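Open the model in your viewer and keep the selection tool ready.

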Amino acid sequence: MGQLARYSPWRVLFILLAALIVFLVFLTSGGSTKPKRTALELAASTKADNSSEQSVCLILAPSPNLTQFVDALPIIPIINVSTGEKIVMKAFTIHQKLHRDLPPTRLYGFGTSESNAQYPGPALQATRNVRSRIRWENHIADEQHFLALDKTILAALPRRGGVPIVTHLHGMELEPKYDGHPEAWFTKYGETGPRYVTQDYEYLNTVLPSMLWYHDHSIGITRLNLAAGLAGPYVVRGSKHEEPTSLPKGDQEIFLFIQDKQLFANGSINFPSVGDDVTMHPVWCPGYYGDTMVVNGKVWPYHEVFPFKYRLRILNGASERFLDLQINHGNKTLPFHKIGTDGGYLRSSVRLNHLVLSPGERIDCVVDFTGLKAGDRVLLNNTGNVAYPGGPPLDAGDKMRAVLEFRIVANSTADRSRIPKNLSDYSPPVVPAANRTRFRHFILTETINNAGNGTELLLANRSFQDPVTEISHLGATEIWQFISLTPSVAHPIHLHLVKFHVLDVQPMDTGSYLNSTCSLIYDYGQPGSCFLGPSRPPDPQEIGWKDIASAWPGNVTRILVTFRSQDGSAFRFDPTGEPGFLWHCHLLSHEDNSMMRPMNVVY
Ligand SMILES: [Cu+2]
């Protein structure tokens with residue numbers, strides 16, 4: 001009690017109550033093993049140097065001990081959205097079995113009807129430069145969200161009940177009224193957010209061939225709606241002149257939608273319902289790290305493959321968990337051949353032994369199982385630290401080290417696919433002269449309370465409600481510099497409307513910067529400079545067109561963005577209208593409170 005004596009009786013009462021709730025939840029979850037000190041708790045205890053108090057947020061009751069690789073990987077069904085017909089995508093409450101030994105889990109899912117609504121939603125397949133029309137409908141009848149809301153953060157709170165949703169097509173160039181603005185939400189009961197314009201969206205699919213994804217973006221509850229399942233892949237296909245035709249296709253092209261979840265024994269989702277600082281935010285937590293890996297809606301599935309090449313289009317749909325992926329066959333590592341990014345193909349493939357994928361990020365890669373024998377098992381593994389990159393590593397026996405098992409089955413035919421030498425005419429960006437470039441810089445910070453717990457996250461000390469400061473001219477080229485002052489977590493920064501490139505990353509002395517005893521206007525090596533070393537170019541994982549890039553802690557990360565269509569032409573629509581666009585951190589708990597800013601473009 002010595003530590004607790006520093007706090008008011010109410011705070012002591014709360015901590016005891018929270019501990020009791022955690023204990024009761026653990027008992028009712030059917031857990032039979034003693035909860036051990038997990039990497040999550042270690043992350044919590046290392047988070048605050050000035051406090052021995054643990055984060056309540058990160059101590060969730062462990063999920064039931066589910067056997068890995070007993071369910072087949074679901075293949076996400078594809079819906080063609082470039083037929084000329086309007087597609088209606090409907091959100092419903094669904095109950096879906098995530099694992100052989102779990103009762104069905106209550107989720108929200110998308111489909112064209114209640115009977116085919118699923119988590120994740122179907123893969124929407126568009127043809128480049130052919131318009132898609134999608135009407136997004138909300139059929140979720142719940143009086144309120146089944147996951148706990150925090151009413152102290154700016155959030156969609158309908159007065160007449162219901163669950164607000166609004167769908168953002170992440171990576172698409174489009175008119176703002178079709179962008180899924182966080183305040184353009186709507187409920188089943190006809191109530192709409194203050195920036196609602198329409199729910200009949202049009203996508204011109206002018207971006208280069210690539211995998212995008214659609215997901216909910218409702219203000220203050222995005223983390224809840226994504227944990228509940230409102231997301232799915234969206235792929236833009238090019239003509240045969242725009243895409244290599246020899247790559248693995250058909251059954252040899254697989255969408256992998258990865259999320260971590262924490263589950264109760266009754267199948268339901270275990271999501272934080274008590275915040276670290278209840279006086280400020282009774283429910284909101286700065287992060288959610290589940291202890292169970294879910295791929296395409298199944299817990300640790302397996303997938304049978306031939307000894308052929310496979311194209312994996314991987315999407316990290318997690319709230320906060322970065323993935324550091326490897327493919328292992330016994331002691332051997334199979335390389336990933338990276339062929340594309342969030343924003344399309346590279347010029348030629350890059351061989352990588354591991355892949356880091358932030359929440360919101362996608363990778364297009366080929367893995368070659370040639371030479372493996374029937375019966376061989378190959379694992380898609382994860383070594384990403386909890387709180388990436390500065391958090392503690394996963395324990396040797398942590399089940400989160402595995403994602404998916406590939407099982408080799410025999411096939412007497414030949415694999416006709418190949419990775420062509422030349423994938424596209426992609427070339428790295430040319431940096432214009434400084435006098436033709438606008439520079440913007442942003443500090444990325446987390447507000448910490450006396451107990452060392454985060455209470456909000458900010459971009460340039462501004463929140464979502466502050467007036468628009470990022471107003472860019474159409475056609476302008478800008479360099480955005482992210483000065484990340486948070487100690488351990490990278491913030492994956494996503495810009496709506498545009499694609500960009502990572503220019504470079506440069507280490508800096510955040511302590512001296514915060515004390516104003518150095519400056520970033522001096523180059524590395526000059527007296528008074530905050531820089532601790534020269535800048536490094538984007539590494540092989542960061543090259544290529546991006547719509548999301550990690551701002552690394554203790555570094556200045558620079559991106560180059562031009563406010564025109566990805567193919568270099570002017571936008572074929574008016575991007576200047578209401579309700580405008582956004583840029584934000586894609587860690588969903590950060591985005592929800594309040595690491596998101598409006599962004600407008602003007603003529
Ligand atoms: Cu963040």
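**Stop 1: the copper ion**

Bear in mind that this is a predicted model. Select the copper ion. Which residues coordinate the copper ion? They are H491 through ND1, C585 through SG and H590 through ND1, at 2.0 to 2.1 Å. Along the chain, these donors follow the spacing H-x93-C-x4-H.

Next, colour two elements. H491 sits in strand 27, residues 491-495. H590 sits in helix 5, residues 588-591. The pair is 99 residues apart and links distant parts of the chain.

Now show the surface. Is H491 buried or exposed? H491 has 0% relative accessibility, so it counts as buried. H590 is buried too, with a relative accessible area of 4%.

**Stop 2: the cavities**

Hide the surface and look inside. There are 4 cavities of 30 Å³ or more. The largest cavity holds about 70 Å³ of space.

To find it, select its lining: R223, L226, A227, Q259, D260, K261, F271, Y288, G317, A318, S319 and L588. Two elements give two or more residues to this lining: helix 3 (222-228) and strand 10 (253-261). Colour the lining by class, and you get 6 nonpolar, 3 polar and 3 charged residues.

**Stop 3: the domains around the largest cavity**

Last, colour domain 2 (78-237) and domain 3 (250-408). Where does the largest cavity lie relative to them? Both domains give residues to its lining, so the cavity lies between them.

How values were computed:
Residues numbered from 1 in each chain as written. Predicted model: local features only at pLDDT ≥ 70, side-chain atom pairs only at ≥ 80, totals over all residues. Heavy atoms only, no water. 1 Å grid on protein atoms, 1.4 Å probe; cavity = no way out; pocket = protein on both sides within 12 Å on 5 of 7 lines; lining within 4 Å. Points joined across faces, edges and corners; volume = space filled by probe spheres on them. Helix = DSSP H or I, 4+ residues; strand = E, 2+ residues; numbered from the N terminus. Nonpolar A, V, L, I, M, F, W, Y, C, P; charged D, E, K, R; others polar. Domains from an automatic or database assignment. Donors = N, O, S within 2.8 Å, 3.2 Å for Na, K, Ca; no water. Buried < 20%, exposed > 50% of the residue type's maximum accessible area, 1.4 Å probe, protein only.
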